[in-house]
Amino acid sequence: MVTKTDPRHVRTVHPRLRELLFTVRRFLKNPLSVIGLALVVIFGVIALIAPVLEPPRYPDPYRIPHTGFRIQPSPPSPEHPLGTMQQQYDMLYGLVWGARSAFRIGVVVVAANLLIGILLGLLAGYFGGALDEVIMRVTDIFFAIPFLVMAMALVVAIGRGLKAVIAVLIILGWPSYTRVLRSDILVTRSRDFIMAARASGASHLRIMFTHVLPNAMYSVLILASLNIGSTILTAAALSFLGLGSETGTADWGQIVSLCRNWIVGTPTDRFAYWYVVFIPGFVIALFVLGWNLMGDAVRDVFDPRMRRR
């Protein structure tokens, strides 16, 4: 019997532990990766403790409170540390609760796209033939239509709102995952260990999910980590164009849309309302930058070509 203190047990576990430590060390070795992780963690903490930082004042916590209907924004003050937007919507409240909206959009959309892309890419790459042709021709149709134009059209057809934006991004976002995974599976399915599994009598389902998919999904995971930031930008663009959340909702794109009339300030002072545009734009840039740096770190860790370097 092998116990935890037996040297044989240490030798069997040690390679896995060494690989894990090697992965963590590669991730932490790059300062940009650490910066990206820190930014994502900071925004995650803000989203998690949003009810503590900015207690809700309405039954719907994503509704931004406002103290009046004056058109001109108000500068930062003790009552409103980041100032107010037009109609006196509180900027700080919108940014704090908007972090929750950003995580919900990014995580839900990318997770759904990843699931759909893995399923369709696995079927197309493993079985090939007519099934592969049908799936790939459908993806070609999606790639032939400009993404933002189709997203705008679908949001108008479905109806304005954050749920509609999430649904549209899920509908349009899966083809890239399907194509990437299919190409990796075409290479993996012809390897010797797959042939050995078939010769041993393993079922197609077992081969697909036990042998093929675990050895072909690194590229699609890297793509998913890189796409979270771009997904947030697309959702913010739709809200900025008036196709996303309702006015007064804690959504970063909606906040920028409320502030766009004050980008140029006043005729006598072009920077009179600089804060209403700079602050939400800077927050969006930091959030997207954090996820992009995280995506680059995941690529550096899992991409075999990068690891050989």
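1. Phe127 is partly exposed, with a relative accessible area of 41%. Its ring pairs with that of Tyr126: the centres lie 5.0 Å apart and the planes stand at 90°, so this is an edge-to-face pair. Tyr126 itself is buried, at 5% relative accessible area. Keep in mind while reading that this is a predicted model.

2. Now for a pair with another geometry. Phe278 and Phe282 have ring centres 5.5 Å apart and planes at 15°, so they count as stacked. Both sit in helix 13 (residues 274–302), and being four residues apart, they are separated by about one helical turn. Phe278 is partly exposed, with a relative accessible area of 48%, and Phe282 is partly exposed too, at 42%.

3. On aromatics in general, the count comes to 14 aromatic pairs. There is also an aromatic cluster made up of Phe43, Phe103, Trp252, Phe287 and Trp291.

4. Stepping back to the overall fold: the chain has 14 helices and zero strands. Of its 309 residues, 42% count as buried. If you take the contacts between residues at least 6 apart in sequence, 71% of them join residues at least 24 apart.

5. What sits in the middle of the largest nonpolar core, going by contacts inside it? The core has 66 residues, and those with the most contacts within it are Met85, Ile105, Trp252, Ile255 and Phe287. Helix 4 (residues 91–127) supplies the largest share, 16 residues.

6. Met85 is worth a click in the viewer. Setting aside neighbours within four places in sequence, Met85 is in contact with Ile64, Pro73, Asp90, Met91, Ile255, Leu258 and Cys259. Ile255 is, like Met85, among the residues with the most contacts inside the core.

7. One nonpolar patch on the surface is formed by Leu37, Val41, Val45, Leu48, Ile49, Val52 and Leu53, which together have about 600 Å² of accessible area. Helix 2 (31–48) and helix 3 (50–53) each give two or more residues to the patch, with helix 2 giving the most, four residues.

Notes. Residues numbered from 1 in each chain as written. Predicted model: local features only at pLDDT ≥ 70, side-chain atom pairs only at ≥ 80, totals over all residues. Heavy atoms only, no water. Core = buried A, V, L, I, M, F, W, Y, C linked by side-chain atoms within 4.5 Å. Buried < 20%, exposed > 50% of the residue type's maximum accessible area, 1.4 Å probe, protein only. Contact = heavy atoms within 4.5 Å. Patch = residues over 30% accessible without salt bridge, like charges linked within 9 Å, V, L, I, M, F, W, Y side chains within 5 Å. Areas by Shrake-Rupley, 256 points an atom, 1.4 Å probe, with all protein chains shown as cover. Salt bridge = Lys/Arg side-chain N within 4 Å of Asp/Glu carboxyl O. Phe/Tyr/Trp six-rings, centres within 6.5 Å; stacked < 30°, edge-to-face > 60°.
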